[in-house]
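This report covers model confidence and charged side-chain pairs. The sequence and structure come first.

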Amino acid sequence: MICYNCGNVLTNSDYCTHCGADVSIYKRVVKLSNTYYNAGITKARNRDLAGAADVLRRSVKLNKHNIDARNLLGLVYFEMGESVQAFSEWVMSTNLQPDSNPAEKYLVAIERDRAKVDELNHTIKKFNIALEYAREGTDDMAIIQLKKVLNQNPKFVKASHLLCLLYMKNGQYERAKRTIRKSLKVDKCNPLSIRYLREIDDYLDHEKKNNPDARMDRRRRERETMVDRPYLSGHDAIVPQTSLKDAFTGAQSILHIVIGVLLGAALVYFIVTPARMANIKSQINDNKVEYNKQMAVKNSTIADLKSKVKSLTSEAAKLNATSGKSKVTVSQNYNYMLDAMNKYVAEDYDGAAKSLAKIDSDLKMNSKAFDECYKTLSDKLKGQVSDSTFDDGMEAMDNADYKKAIKNFEACLKTDKTNVEAMYYLGWAYKRNNDNKNAIKWFKKLATDYSDSQYAEIARNQVEDLGGGTMTDGSSSDEEQ
């Protein structure tokens with residue numbers, strides 16, 4: 001996992017070790033996105049395509065850079081006959097990750113088979129035409145168009161659903177059942193398909209109990225209708241034939257659909273909603289446990305630091321009572337340490353980093369408690385100390401206080417030895433302070449150890465200008481900052 005702010009690899013810490021950003025919430029979001037992706041893989045393998053599409057949409061909504069989830073979502077859409085949505089997901093995936101992306105292979109394979117792409121686009125157009133016919137009440141025309149769509153693309157689940165509804169509307173429940181069963185072979189756990197099949201079975205069972213011969217009569221009427229019904233083109237006129245029996249059948253179908261909708265709503269309210277609430281409560285409890293763990297670790301650290309503050313306070317008091325130059329310096333180190341620890345306990349991390357940076361780490365303190373505190377705070381405030389001392393060094397450079405700048409840049413390099421920018425300005429601070437020997441030392445180190453950095457060429461030129469020897473055949477550059 002990489003940091004969203006600087007792109008560096010993250011550790012187990014809740015803060016980025018490079019830029020110091022708080023990544024605790026970001027880690028949780030990425031982990032939840034990966035959890036949804038894993039659930040999507042399981043559902044897709046079990047051919048629960050609708051369920052897989054649902055959890056994969058949640059995955060990419062949480063983390064749009066989850067390329068694996070987005071590619072799998074495209075495959076699921078393609079398997080369901082939703083070719084346009086599949087293409088959209090793959091195109092977005094290649095834009096987010098242009099290199100080493102499997103989505104490129106999918107798009108290239110589709111581009112090679114242009115006839116297949118045109119056929120899929122044609123089925124989408126026919127489905128839209130059928131949808132318009134259904135809205136206008138021209139059911140016969142809609143059924144014809146949908147049959148053509150399913151002949152060209154049998155996996156188009158939405159077309160199967162619409163054809164099933166039209167059959168149910170016209171009382172052709174046997175055909176509706178055959179159609180929805182075919183769609184369940186594509187998407188085994190599609191909730192809409194299962195609901196339609198349940199309503200059809202309930203209707204057929206009810207009809208069989210009340211009128212055992214009605215099912216045979218209906219099948220015979222359906223066969224006769226198919227034989228007698230001519231093939232209709234887009235220009236043929238349809239003369240509706242209505243009767244009291246047809247009107248009753250249509251009203252009965254609508255009644256069954258309304259009952260199914262009510263039953264579905266009741267199912268959601270009494271079964272799905274409690275399960276979802278239980279899941280949400282479980283997630284809240286997990287978050288509480290995680291938060292309590294973090295607070296326990298933090299409180300333990302603070303308690304440990306407070307106990308050490310007492311020890312350091314007594315040692316500092318003893319040293320303050322003594323005299324001597326070295327004793328005063330040791331006393332100052334204790335005061336800086338106490339100030340840093342108090343600010344850290346108060347969660348003033350920037351202030352704690354600035355106080356910690358003032359400590360002279362080269363001075364022998366002969367105190368185990370002091371050394372432990374310094375190491376603990378240095379590890380926790382490494383990023384803040386580096387940034388704080390660097391900023392103070394740049395401010396000192398702007399104010400022409402080169403001695404203070406040298407002190408801050410050297411403190412920065414103690415916590416981050418690879419900070420080439422701090423090396424570069426440290427060399428300039430020594431040069432401006434007329435200390436060419438140390439200026440050459442740092443410019444030469446920058447040019448030698450970090451030859452690929454943006455400051456390396458300028459550092460080489462400065463070494464030559466200051467009389468440190470020739471490091472390159474190039475000409476000297478003007479003094480820059």
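## Terms and model

Buried means under 20% relative accessible area and exposed means over 50%, with partly exposed in between. The model is predicted.

## Confidence

The protein chain has an average pLDDT of 77, and 80% of the residues score at least 70. Over residues 323–328 pLDDT stays under 50, and the model has two contacts there beyond four places in sequence. Residues 473–481 also stay under 50, with 23 contacts beyond four places in sequence. Where pLDDT is low, the predicted coordinates should not be read in detail.

Side chains of opposite charge can pair when their charged atoms come close. The count of salt bridges comes to twelve.

One of them joins Arg195 and Glu199, with the closest N and O atoms 3.5 Å apart. Both residues lie in helix 10 (residues 191–210), four residues apart, about one turn of the helix. Arg195 has a relative accessible area of 25%, so Arg195 is partly exposed. Glu199, at 13%, is buried. Elsewhere, salt bridges that share partners join Arg47, Glu79 and Lys155 into one network.

## Other pairs

Lys43 pairs with Asp48 in a salt bridge, the closest N and O atoms being 3.7 Å apart. Lys43 is partly exposed at 29% relative accessibility, whereas Asp48 is buried at 10%.

Lys158 and Glu82 form a salt bridge at 3.5 Å, N to O. Lys158 is in helix 8 (residues 157–169) and Glu82 is in the loop between helix 3 (67–79) and helix 4 (83–96), so the pair ties together parts 76 residues apart in sequence. Lys158 is partly exposed, with a relative accessible area of 44%, and Glu82 is buried at 11%.

Note on methods. Residues are numbered from 1 along each chain as its sequence is written. Side-chain values use heavy atoms; hydrogens and water are left out. pLDDT is the predictor's confidence in each residue, from 0 to 100. Contact means heavy atoms within 4.5 Å. A salt bridge is a side-chain nitrogen of Lys or Arg within 4 Å of a carboxyl oxygen of Asp or Glu. Buried means under 20% relative accessible area, exposed over 50%, partly exposed in between (1.4 Å probe, protein chains only). Helices (H or I, at least four residues) and strands (E, at least two) are DSSP runs, numbered from the N terminus.
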